[in-house]
Amino acid sequence: MQAIARIRRHFRHEVDGWSVSTVLLGLLIVAPLATVLFGIGSTGPKWEHLTETVLSTYINNTLILVVTVSLLSILFAVVPAWLVSTCEFPGRRMFEWLLVMPLAIPTYVAAFVYFQLTEAAIPLLVDIRMNHGVDAFIRAEVILRYGILSILLAGVLSPYLFLTVRTSFSMQRTALIEASRMLGKSITGTFFKVALPLARPAIVAGLSLIIMEVVNDYGAVNFFGVPTLTEGIFRTWFDLQDRASAVRVAGLTMGAILLVLIFERTQRGKARFSESEAYSSPLTRQRLSPLPALGAIFACLLPLAIGLIFPVYQLSKWAWMTWKNVLKPEFLEQLSRSLLLSILAAFLLTAIALVFAYSVKLHPTKWLRLSNRISTIGYATPGAVIAIGVMVTFGKVDHWMGKAVLSGTLFTIGFAYLVRFIAVAYQPVGAGLARVSDQMDESSRILGKSPLFTLGKIHIPLLKGTLLGAAMLVFIDILKELPLTMILRPADFNTLSTTAFGLAKEGRIHECAVPSLIIVGAGAMGLTILNRYLRRS
Amino acid sequence: MLTIKEVSRHYKGTAEPAVKHVDLSVPHGEVLALVGQSGSGKTTLMRLISGLEIPDSGKILIDDKEVANADGKTWVPPEKRRVGLVFQDGALFPHLTIEKNVAYGLSSKEFSREDRKSIVNALLATTGLEVYRSRYPHQLSGGERQRLAVARALAPKPKLMLLDEPFSNLDPALRLTIREEILTILRESKMTAIIVTHDTDDALAIGDRIAVFRDGKIEQSGTPSEIFHHPLNGYCAKLFGPANCLHRKGDAPKWIRPEDMQLLSQQNSDTDIPVKILSIRDAGRHREARVECLDEAFQNHEETWVIPIASSQTVDQGCQMWVRETPSVP
């Protein structure tokens with residue numbers, strides 16, 4: 001009895017408007033994801049048809065892309081990361097930040113650009129068909145499509161790996177690297193014997209981000225005709241009109257992503273021992289002699305050419321050709337309306353992230369931390385899965401209310417963005433709030449001010465820059481988002497991404513360059529903001 | 001003014017409670033120095049009084065009004081307690097000017113615009129910060145920052161002020177000045193205050209009363225001279241400097257400061273204790289003798305004592321002398 005009274009007494013002070021709204025909002029956010037996960041058990045009318053025909057194709061394609069893109073990313077990211085953190089060669093500093101920039105290019109935009117390569121290869125394919133027969137032709141065509149798709153995906157996604165691995169290399173204790181070299185290992189030997197094993201958790205973390213993006217992608221795989229699970233969700237929902245089976249595919253996809261997440265977590269736990277003593281003097285970089293330096297420049301230039309230089313060059317060329325046709329009043333009007341809505345959504349999302357983070361600051365309890373961790377799981381979940389979850393959940397609400405109040409509205413898509421991108425805002429806002437000393441809060445409260453007043457007068461002014469930066473990142477992510485927006489947008493609603501994708505699907509591939517370039521520009525701006533955060537922390 | 005009854009606080013995951021059944025009362029206008037080593041629980045006690053922590057048991061009353069009662073489920077949140085708190089590093093709001101820092105706690109509901117202005121002006125004047133009013137905290141020196149922290153806490157006219165190690169971040173040269181200044185400010189505003197410190201010099205210099213805190217309990221409380229000259233036990237005695245233990249058989253041990261003892265060349269009364277001079281040391285300010293008690297009536301007669309030697313006195317190593325208690329405070 002005493003124990004219960006004690007628990008109740010302590011709990012009472014942890015339950016207030018902040019913690020309750022955090023948990024309630026968290027539950028709302030998790031509802032669509034839970035709907036999808038529980039949907040694994042249900043079967044729709046077309047499920048058997050699916051399993052007999054295309055489901056295995058979806059799974060195989062997803063697995064093939066995950067493996068090829070991961071392997072290519074390791075080549076594109078790990079070697080350059082090692083080179084820029086341990087060696088000195090001409091252009092090193094430039095490569096250090098340029099190698100992050102391909103992240104500004106969404107996968108579907110890269111797909112528009114690279115698709116022409118498959119067209120350029122047609123004469124070669126015709127030649128194969130003439131000389132080696134139909135089977136060889138089909139094989140060559142498939143290899144070409146899958147190959148180019150893998151390369152372009154790795155080109156624009158490998159910076160995730162580059163970032164995590166570079167951080168790991170630069171945080172590794174100088175002493176370990178130096179000890180290895182004093183023991184007679186060359187710089188290459190050190191890389192394989194010491195640095196790479198130590199960087200394993202970082203590699204796993206970077207790769208899991210890449211895998212999530214590969215599974216999330218809709219535009220690129222659709223364009224290249226390589227249907228993955230995400231495309232499977234689209235097809236089952238829209239083409240087969242089998243909602244229950246679509247939810248089941250989405251549930252399976254989400255289950256797979258959760259497994260990746262759990263694996264990544266276990267790896268991160270093991271990382272502690274190697275990175276806890278990270279604060280040591282920076283590594284003195286080894287100056288490379290001309291020939292190896294040339295090799296290093298090539299190793300950095302290769303992923304850059306694929307992921308950044310070629311796409312930007314091609315888009316600029318097309319944009320120059322078509323900007324007069326595209327930048328018409330109706331396009332601009334639509335653009336400004338969608339930009340306004342995205343900005344609004346970004347600020348709302350940041351405000352919610354601030355509530356989440358502030359709750360934890362006020363009540364640093366395990367249950368609130370857990371609640372926030374679950375609420376932010378959407379960043380790992382493919383957009384199509386979230387879209388299906390939101391549609392089904394809101395459909396149930398509408399059914400219960402007897403009329404369509406939620407489905408097909410801007411609110412629906414805004415809520416889906418909240419589920420998908422709350423983590424993007426929560427991460428920097430939470431870190432920023434944690435940096436403000438608790439004594440600021442305590443001083444304010446003792447001076448007679450409520451938590452809300454303290455938030456408004458102390459924290460928001462102190463974190464102005466962080467909050468704006470977080471809103472900016474969310475805004476850019478909404479701008480780029482494709483699959484979720486495709487599924488949930490109201491009839492007359494277009495974002496830059498859906499406009500670009502629509503133009504490309506209509507075959508007006510040159511015209512999609514203008515909206516694509518705007519997205520890339522915004523993305524580059526976002527990366528610059530992120531870079532500032534990384535420098536500061 | 002402040003009454004604490006049987007208050008305990010046990011942090012999760014620690015073996016011992018940080019504060020164990022503490023009873024304490026501070027009358028109106030008194031400055032209490034709460035002294036103890038780090039980890040003794042004195043900061044936790046502060047946080048319990050201010051409302052930043054919730055007691056597991058016991059109750060706290062401010063002005064005869066319950067602000068926390070673990071059994072009666074009363075708990076007044078910190079913003080409603082009217083307690084001022086000064087942190088070790090000031091915890092000043094870095095984005096607000098000096099003036100706005102002081103005005104922060106003055107709500108527009110409670111104080112009119114003119115009142116707020118005059119309170120801020122008066123406090124800036126007493127703390128000597130008028131010239132810096134539109135500067136920011138980072139532009140102040142350590143001592144000025146601490147004065148600002150005190151001014152900010154005083155502004156909403158709290159019933160009680162708590163100062164948590166207010167001098168420990170200051171360099172020694174500045175420390176004495178700031179100590180005097182802050183004490184003057186507290187006295188002028190007739191404030192009831194508790195100052196937490198691990199420095200016994202601070203405690204002796206500023207406390208009307210001193211409470212010695214150890215392992216979550218108050219070991220002894222009293223006026224500075226009571227605490228200094230009549231320590232309750234070895235812990236309290238040694239905390240404030242050297243002390244000799246006199247333990248007559250059948251009696252409780254008694255701790256006496258060296259300066260409250262005198263060396264005599266011959267026995268003048270029955271209470272004078274025979275000792276043997278073991279060594280003589282020049283301690284700069286005076287000389288002192290390390291002596292061994294020769295009286296079998298003492299439990300600890302093998303233990304040595306340190307006794308100051310008067311400047312006129314001649315003392316030789318190895319000879320026998322007598323020691324007399326000359327308490328300066330009865």
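**Note on helix packing, domains and the A–B contact**

1. The crossing of α16(A) and α19(A) is right-handed. A crossing counts as right-handed if the near helix is turned clockwise from the far one by less than a right angle, and as left-handed if anticlockwise. Helices here are DSSP runs of H or I with at least four residues, strands are runs of E with at least two, and both are numbered from the N terminus.

2. The model is predicted: local features need pLDDT of at least 70 and side-chain atom pairs count only at pLDDT 80 or more, while totals for chains, interfaces and linings use all residues. Residues are numbered from 1 along each chain as its sequence is written, and chains are lettered from A and ligands numbered from 1 in the order in which they are written.

3. α16 (residues 329-362) and α19 (residues 410-435) of chain A have axes that come within 7 Å and cross at roughly 50 degrees. The axes are lines fitted to C-alpha atoms, for helices over the stretch in contact, with angles from 0 to 180 degrees between N-to-C directions. α16(A) and α19(A) are therefore oblique to each other. The classes are: under 35 degrees roughly parallel, over 145 roughly antiparallel, 65 to 115 roughly perpendicular, and the rest oblique.

4. Who makes the α16(A)–α19(A) contact? From α16(A), the residues include A:Leu341, A:Ala345, A:Leu349, A:Phe356 and A:Lys361. From α19(A), they include A:Gly414, A:Tyr417, A:Phe421, A:Ala425 and A:Leu433. Two residues are in contact if their C-beta atoms, placed from the backbone, lie within 7 Å. The contact of α16(A) with α19(A) divides into 18 nonpolar, three polar and one charged residues. Ala, Val, Leu, Ile, Met, Phe, Trp, Tyr, Cys and Pro count as nonpolar, Asp, Glu, Lys and Arg as charged, and the others, Gly among them, as polar.

5. α16(A) also packs on α22 (residues 464-480) of chain A: the axes come within 8 Å and cross at roughly 130 degrees. α16(A) and α22(A) are therefore oblique to each other. The crossing of α16(A) and α22(A) is right-handed. On the α16(A) side, A:Ser342, A:Ala346, A:Phe347 and A:Ala353 are among the residues involved. They meet α22(A) residues including A:Leu467, A:Val474 and A:Phe475. The contact of α16(A) with α22(A) has 14 nonpolar, two polar and no charged residues.

6. Another pair in chain A is α6 (residues 107-120) with α15 (residues 290-326), whose axes come within 10 Å and cross at roughly 75 degrees. α6(A) and α15(A) are therefore roughly perpendicular to each other. A:Val109, A:Ala110 and A:Val113 of α6(A) meet A:Phe310, A:Pro311, A:Gln314 and A:Leu315 of α15(A). By class, this contact has six nonpolar, one polar and no charged residues.

7. A residue is buried if 20 or more other C-beta atoms lie within 10 Å of its own, exposed if 12 or fewer, and partly exposed in between, with C-beta atoms placed from the backbone. Just after α7(A), A:Gly133 has a positive phi of about 95 degrees.

8. Chain A is divided into domain 1 (13-39 + 324-537) and domain 2 (55-226). The bounds come from an automatic or database domain assignment. Over C-alpha atoms, the two domain centres of chain A are 28 Å apart. The contact takes 21 residues from domain 1 of chain A and 16 residues from domain 2 of chain A. On the domain 1 side, α18 (383-401), α23 (483-488), α24 (496-505) and α25 (513-536) of chain A each supply at least two residues. α25(A) gives the most to that side, with seven residues. By class, the domain 1 side has 15 nonpolar, five polar and one charged residues.

9. Between chains, 15 residues of chain A are in contact with 16 residues of chain B. On the chain A side, α20 (438-446) and α21 (451-462) each supply at least two residues. The largest share, six residues, comes from α20(A). The chain A side divides into six nonpolar, six polar and three charged residues.

10. Chain B has eight helices and 18 strands. The C-alpha trace of chain B spans about 75 × 50 × 35 Å along its principal axes. Buried residues make up 39% of the 330 residues in chain B. The domain assignment of chain B gives domain 1 (2-233) and domain 2 (242-325). The centres of these two domains of chain B, taken over C-alpha atoms, are 41 Å apart.
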